[in-house]
Amino acid sequence: MEISGWGRFPRADCTVRRPRDEAAVRALVLSGRAIARGNGRAYGDSALNPHLTVDMTAFDRMIAFDAAAGLLTVEAGVLLGDIVAAFLPRGWFPAVTPGTKFVTVGGMIAADVHGKNHHAHGSFGAFVEWIDLMVADGRVLRCSRAENPDLFAFTLGGMGLTGVVLRAAFRLTPVESGWIRQRTIAAGSLDEAVDTFERSAGWTYSVAWIDCLAKGPALGRSLVMLGEHARRDELDDGRRAAPYTVPEKRKRRVPFDAPALALNRFSVRAFNALYYAKGRRGAGESLVDWDGYFYPLDAVLGWNRIYGRRGFAQFQCVLPLDSAKAGLRLLLEAISAAGQGSFLAVLKRMGPQQSRFSFPMEGYTLALDFPVGAASLSLLDRLDAITLAHGGRFYLAKDSRMRAATLEASDPRTAAFRRMRRETAAADRFASLQSERLGL
Amino acid sequence: MPMQKKSLLVVGGSSDIARATALAFARNGWNVTLVGRDLDVLTASAADLELRAPGSTVAAARLDILDTAAFAPFLDALPVLPDVVLSAVGLLGDQTQAERDPAHAERILRSNFEGPGLFLGLVAERFEARGAGTIVGISSVAGERGRASNYVYGAAKAGFTAFLSGLRNRLAGRGVQVLTVKPGFVRTRMTEGMKLPGALTAEPQELGEAIFRAVARGRDVIYVRPVWRLVMAIIRAIPEPIFKKTKL
Ligand SMILES: Cc1cc2nc3c(=O)[nH]c(=O)nc-3n(C[C@H](O)[C@H](O)[C@H](O)COP(=O)(O)OP(=O)(O)OC[C@H]3O[C@@H](n4cnc5c(N)ncnc54)[C@H](O)[C@@H]3O)c2cc1C
Ligand SMILES: NC(=O)c1ccc[n+]([C@@H]2O[C@H](COP(=O)([O-])OP(=O)(O)OC[C@H]3O[C@@H](n4cnc5c(N)ncnc54)[C@H](OP(=O)(O)O)[C@@H]3O)[C@@H](O)[C@H]2O)c1
């Protein structure tokens with residue numbers, strides 16, 4: 001059956017199996033080279049293997065919750081959105097969340113996802129206590145910082161290439177409400193945006209939308225959005241009476257393959273409106289519900305179809321602190337000169353992180369998407385080159401087209417990752433179109 | 001004194017539809033018992049449901065729906081007679097094999113009709129004595145007209161549908177509701193790997209919520225996706241001389 005990642009590029013005809021128990025996973029793993037797949041929210045080809053793609057979404061049971069430690073144990077196919085639905089009413093929220101709730105725990109571990117709080121709390125892996133991993137010979141190994149610590153470390157950010165995650169335990173974070181106190185700051189230039197991030201290190205959440213069409217002195221014009229979980233005493237009486245209840249969102253669906261521009265036109269207009277409003281009134285604070293704050297795109301089901309049948313490619317890199325301003329400037333100039341808009345890009349500050357193969361490192365990460373086409377693909381090559389020249393690296397969960405040589409040059413850890421794959425025989429059992437393209 | 005929680009008992013508790021229905025009830029404050037053959041699987045699902053719907057108690061119990069002799073002792077051993085009993089038991093089987101192998105055909109007939117029917121019949125007995133209760137049977141649109149591709153399964157579902165309709169008729173006015181659920185396609189283990197038409201295919205969660213609503217409103221028959229009522233009306237209306245030549 002033909003499947004793809006969220007960007008709908010590339011597509012591949014894959015044999016997909018959906019095992020329901022451990023024995024069925026083992027039979028699949030031992031049958032040849034395969035890749036695990038969660039909910040297909042990685043953008044490119046991370047979860048595609050034509051020979052065998054193992055859909056883990058039937059592993060959808062929650063197993064246990066230790067309220068004293070906030071420790072939740074689940075099967076790997078449990079959706080993040082189901083975790084929020086079950087635990088927010090009890091005062092718990094994921095300690096780290098990506099920008100969509102339609103991801104599985106297995107996918108969050110494999111990509112070692114980061115959120116808007118990376119500068120403060122690190123990536124999802126920091127909250128994972130243990131992972132039950134099915135390895136190349138079909139055994140299930142408990143991996144943690146104490147047991148099989150190398151395998152544990154490589155599995156975080158290992159993109160499914162160390163084995164199949166069956167179960168995991170990770171900590172949630174206590175919250176007093178389902179509301180976020182948000183402050184929005186209009187920054188007139190890239191320097192201003194970066195300075196705003198640096199000044200706002202005390203905020204738990206921070207993210208900026210950049211208007212990619214702005215040029216000259218306005219290059220990098222952005223809205224920086226800071227957030228904190230609202231405390232009970234920050235809510236009005238109405239909200240305080242039911243602090244975890246937020247208004248139900250009306251779901252909209254993109255029913256067909258729409259022409260590429262609709263989303264960006266819309267979002268640029270929204271951006272401008274907000275930008276000028278904030279500019280006039282100065283920084284403003286507002287209460288935003290968790291769903292609208294963390295998962296704005298989830299309200300439009302199937303929004304990936306807005307780019308049309310050819311699909312789209314995401315680009316996400318991270319640049320180290322000392323070269324971030326210079327590198328971001330060149331990236332934005334290349335984007336605005338090419339006129340290939342993605343008209344909005346997302347900028348985040350990342351904190352320090354030690355890891356074996358995870359994406360995050362201290363610095364600034366920039367993400368944006370482009371409809372697939374010859375012009376945008378050559379622009380992406382240029383963005384790769386700028387990133388490399390500034391000592392940056394790339395997020396595999398977003399990648400669908402990078403060259404092996406680019407990965408190798410960007411990340412000295414690649415050789416060690418490949419060696420681990422050989423030594424544990426993972427290379428014989430686990431492979432994706434991405435791992436083959438990148439020579440992992 | 002705190003109000004006693006209402007309770008649901010589901011046979012075929014390991015099915016995707018059963019889990020989704022159990023969740024819909026548990027989220028609304030009901031206690032649930034999942035019943036089936038594999039206690040390990042049911043216990044894991046029970047733990048999952050308790051985590052997703054805190055405050056509800058979810059238990060697991062063993063019963064093989066082909067073991068008719070075990071039905072009465074099983075029901076008598078229950079700590080409380082539930083408010084709602086649902087059967088999601090079913091076996092699609094292999095039509096071609098069923099044509100050659102009577103043992104396989106018999107298994108399909110017994111799993112879809114005899115077992116669930118007789119079990120719910122004994123439940124009805126007890127509900128009638130109490131003067132209250134709701135019986136829910138998941139039958140299928142496949143029971144509305146026999147087709148070459150699955151008529152053994154279809155015939156069993158037809159029998160089950162008729163049985164439920166008879167129960168409903170018998171118990172009308174005695175405080176007992178009987179709900180027949182005739183889903184079209186549902187994305188579950190039963191239909192895994194089949195090509196299903198998007199607009200006609202329901203997710204298990206949809207069924208769960210629809211069944212909860214239908215129980216609350218005292219409905220008799222639901223198709224879940226309303227379009228199926230129309231589709232089946234058309235299929236039933238096709239004259240036999242034409243129907244026999246179709247491949248539906
Ligand atoms: C709108 C949107 C916003 C996003 N925002 C962010 C963000 O802010 N931060 C961020 O970090 N990411 C973000 N992402 C990316 C997303 O979080 C990751 O791609 C995540 O891995 C997707 O999880 P999934 O369950 O859909 O996995 P898939 O896409 O199915 O798979 C992704 C990878 O995980 C592996 N995998 C999945 N399940 C298992 C398993 N059981 N065992 C072993 N390996 C497994 C696959 O092999 C593959 O390599 C975003 C994606 C979207 C669509
Ligand atoms: N999926 C559809 O498109 C569809 C359409 C219309 C109607 N239905 C009906 O919906 C119901 C639920 O099916 P499903 O789609 O969720 O598929 P399913 O997962 O295959 O469910 C079948 C259930 O029946 C149980 N079962 C079978 N034989 C049994 C026995 N002898 N004793 C006890 N339990 C037994 C199975 O238990 P085990 O786990 O132990 O095997 C399982 O729980 C069935 O009645 C089915 O006919 C389904």
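These legends accompany several close-up views of a predicted model.

Residues count from 1 along each chain as its sequence is written, and chains are lettered from A in the order in which they are written. Because the model is predicted, local features need pLDDT of at least 70, side-chain atom pairs count only at pLDDT 80 or more, and totals for chains, interfaces and linings use all residues; side-chain values use heavy atoms, without hydrogens or water.

**View 1. A buried salt bridge joins A:Asp298 and A:Lys101.** Side chains of opposite charge can pair when their charged atoms come close. Here the N to O distance is 3.4 Å (a salt bridge is a side-chain nitrogen of Lys or Arg within 4 Å of a carboxyl oxygen of Asp or Glu). The partners lie 197 residues apart: A:Asp298 is in the loop between helix H9 (290-294) and strand E17 (300-301) of chain A, while A:Lys101 is in the loop between strand E8 (92-94) and helix H3 (105-110) of chain A. Helices (H or I, at least four residues) and strands (E, at least two) are DSSP runs, numbered from the N terminus. Both residues are buried, meaning under 20% relative accessible area, with exposed over 50% and partly exposed in between (1.4 Å probe, protein chains only).

**View 2. A:Arg167 and A:Asp132 form a salt bridge between two strands.** The N to O distance is 2.9 Å. A:Arg167 belongs to strand E11 (residues 164-174) of chain A and A:Asp132 to strand E9 (residues 128-134) of chain A, 35 residues apart. A:Arg167 and A:Asp132 are buried.

**View 3. E9(A) and E10(A) make a hairpin.** E9(A) and strand E10 (residues 140-144) of chain A pair in the antiparallel sense over 5 bridges (strands pair if DSSP finds at least two bridges between them). A:Met134 stands opposite A:Val140 in E10(A). There are 5 residues between the strands, and A:Gly138 in the turn has a positive phi of about 90 degrees.

View 4. Over all chains, the structure holds 48 salt bridges.

**View 5. B:Arg37, B:Arg62, B:Arg107 and B:Arg189 form a positive surface patch.** Patch residues have over 30% relative accessible area and no salt bridge, with like charges joined within 9 Å. B:Arg107 sits in helix H5 (residues 102-130) of chain B and is partly exposed, with a relative accessible area of 40%.

Note on methods. Patches are made of residues with over 30% relative accessible area and no salt bridge: like charges are joined within 9 Å, nonpolar side chains (Val, Leu, Ile, Met, Phe, Trp, Tyr) within 5 Å. Accessible areas come from the Shrake-Rupley method with a 1.4 Å probe; for residues, only the protein chains shown count as cover. Lys and Arg count as positive and Asp and Glu as negative; His and the chain ends are not counted. The place of a charge is taken as NZ of Lys, CZ of Arg, CG of Asp or CD of Glu.
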